[in-house]
Amino acid sequence: MPKRMQAPKKKTAPLLKKDHALHIVDGRTLKEYTVPIQHGSIHAPDLRQIRASETDFGLLSYDPSFQNTASCKSGITFIDGNAGILRYRGYPIEELAGNRNYLEVAYLLINGRLPGKNQLAEWLHNITYHTMLHENIKKFMDDFHHDAHPMGMLVCTLAGLSTFYPEAKAIFDTDLRQRQIHRLIAKMPTIAAFAYRHSIGMAYIYPSNDLGYAENLLAMMHRPSWTTDYTPDPVLSKALDLLFVLHADHEQNCSTEAMRTVGSAHADPYTCAAAAAAALYGPLHGGANEQVIRMLKEVRTKENIPKLIRQVKAGRRLLMGFGHRIYKNRDPRAEIIKKVASDVFAVTGRNPLLDIALELEKVAISDDYFIKRHLYPNVDFYSGIIYQSMGFPVDMFPVLFAIPRMSGWLAQWQEMLLDPEQRITRPRQLYVGSRLRHIPEAEQPS
Ligand code: SDX
């Protein structure tokens with residue numbers, strides 16, 4: 001980790017009137033520059049005017065993994081990491097969760113406002129009538145190894161869908177773009193369910209047009225056969241839908257950045273979504289919920305918690321489900337998920353891993369090592385416990401994250417496409433490699 005920045009020594013600034021600009025003196029040339037401050041930021045290309053000589057390229061800003069760099073202006077999701085605030089299009093997550101279902105929130109993210117009665121009816125129709133997959137996709141999915149990880153199947157299937165809808169390349173045709181948005185949101189539960197059924201060697205169950213979004217997923221996964229009646233438990237469907245609301249978007253996270261970056265090259269939305277899902281698969285991102293359960297199962301009893309804490313503090317492992325780049329105390333989603341747990345356990349019975357998780361949280365948040373590093377439970381810490389109680393296998397957990405995040409990825413992708421300030425993503429670098437050198441004469445071809 002680079003040495004933390006030393007706070008600049010207080011020195012008497014040159015006599016200036018208060019304004020919204022940085023006044024920079026370049027110590028190499030003693031030249032002065034004024035860089036405007038807007039939206040609490042400076043426009044990084046303004047630094048290029050600061051040169052040590054006429055031939056100098058000009059100053060770059062260096063920010064590995066963008067810890068302090070805004071890549072875009074966005075009106076979709078607002079997070080205040082210190083205050084533990086999360087809002088979708090201005091609505092607090094606490095108000096949306098439980099009062100609006102996932103498809104209403106997906107509409108909000110993509111269109112910027114909650115749907116009226118007619119808009120919702122049209123939206124539901126468009127999503128409902130795009131849930132089916134082309135029969136060739138089934139054949140494509142059948143060829144995966146029997147124990148293929150469902151996230152690997154999802155990433156490949158999303159990319160494969162781009163070959164079924166070549167008109168998706170017309171990304172600036174509004175109607176065609178909306179149709180791909182409908183298709184991607186609609187087909188995520190079907191792809192997820194087919195991947196699950198493939199992994200247990202059972203026939204695929206097709207989506208029903210008379211089931212809700214989360215309900216359909218549960219039915220396609222757990223219905224014994226097409227001829228047997230099966231109605232998912234309404235409490236579990238409602239709880240899953242609420243979890244989908246919580247996972248729908250989260251501003252410029254790793255997978256959204258992947259969606260925006262691939263989209264900036266004007267790739268079609270299926271290919272962009274495959275890249276986003278691939279990023280989400282990482283254990284530091286959406287794959288963490290799967291790792292949390294594996295960690296809690298390894299701990300097994302409260303008595304083993306001190307050993308885990310010691311390993312983490314020795315730097316030998318991460319406390320999965322803890323920490324966040326933006327939230328430096330509570331992740332509001334984790335608080336809401338904890339409350340959903342009691343509704344689910346009333347149906348499924350209490351998951352013993354919850355007691356270990358609660359004890360682990362209690363121990364960790366009172367330990368200076370975690371407090372100093374602002375490590376608190378994030379959205380992944382408790383979600384896996386609920387998914388496990390609902391009967392989902394552990395390797396399906398990142399898929400359950402990807403399903404709702406599709407609407408966030410698409411909202412961010414569309415915003416990027418329509419943003420006149422956005423161009424193809426192409427960051428600069430600080431070259432630290434070899435200087436000019438030549439192949440020795442003797443080794444050169446005669
Ligand atoms: C998601 O960005 C988003 O919004 C993501 C997300 C979304 O909705 O899209 O919220 C979803 O990805 C949630 C995060 C799920 N990941 C995990 O739970 C995996 C465990 N967490 C860590 O890998 C980590 O906290 C990250 C990746 C989440 C954040 O990493 P950062 O911001 O780069 O933090 P860092 O690595 O700079 O950590 C600062 C310090 C370091 O210690 P020092 O070098 O200062 O001594 O905290 C330590 C880290 O080693 N640290 C941890 C830790 N997380 C950070 N130590 C132990 N266990 C952890 N979990």
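**View 1. Helix 16 among its neighbours.** The buried residues of helix 16 pack against helix 8 (234-246), helix 11 (288-299), helix 13 (332-348), helix 14 (352-365) and helix 17 (397-417). Contact here means heavy atoms within 4.5 Å, and helices are DSSP runs (H or I, at least four residues) numbered from the N terminus. This is a predicted model, in which local features need pLDDT of at least 70, side-chain atom pairs count only at pLDDT 80 or more, and totals for chains, interfaces and linings use all residues. Residues are numbered from 1 along each chain as its sequence is written, and side-chain values use heavy atoms, leaving out hydrogens and water.

**View 2. Helix 16 from end to end.** Of the 11 residues in helix 16 (residues 379-389), 10 are buried, that is, under 20% relative accessible area (1.4 Å probe, protein chains only). Among them are Phe381, Tyr382 and Ile385. After the helix comes Gly391, with a positive phi near 90 degrees.

View 3. Of the 23 residues around the ligand, the nearest are His250, His324, Arg325, Arg333 and Arg405; a residue counts as near if one of its heavy atoms lies within 4 Å. The ligand taken alone exposes 1,000 Å², and the protein buries 78% of that (Shrake-Rupley method, 1.4 Å probe).

Definitions and conventions:
Buried means under 20% relative accessible area, exposed over 50%, partly exposed in between (1.4 Å probe, protein chains only). Helices (H or I, at least four residues) and strands (E, at least two) are DSSP runs, numbered from the N terminus.
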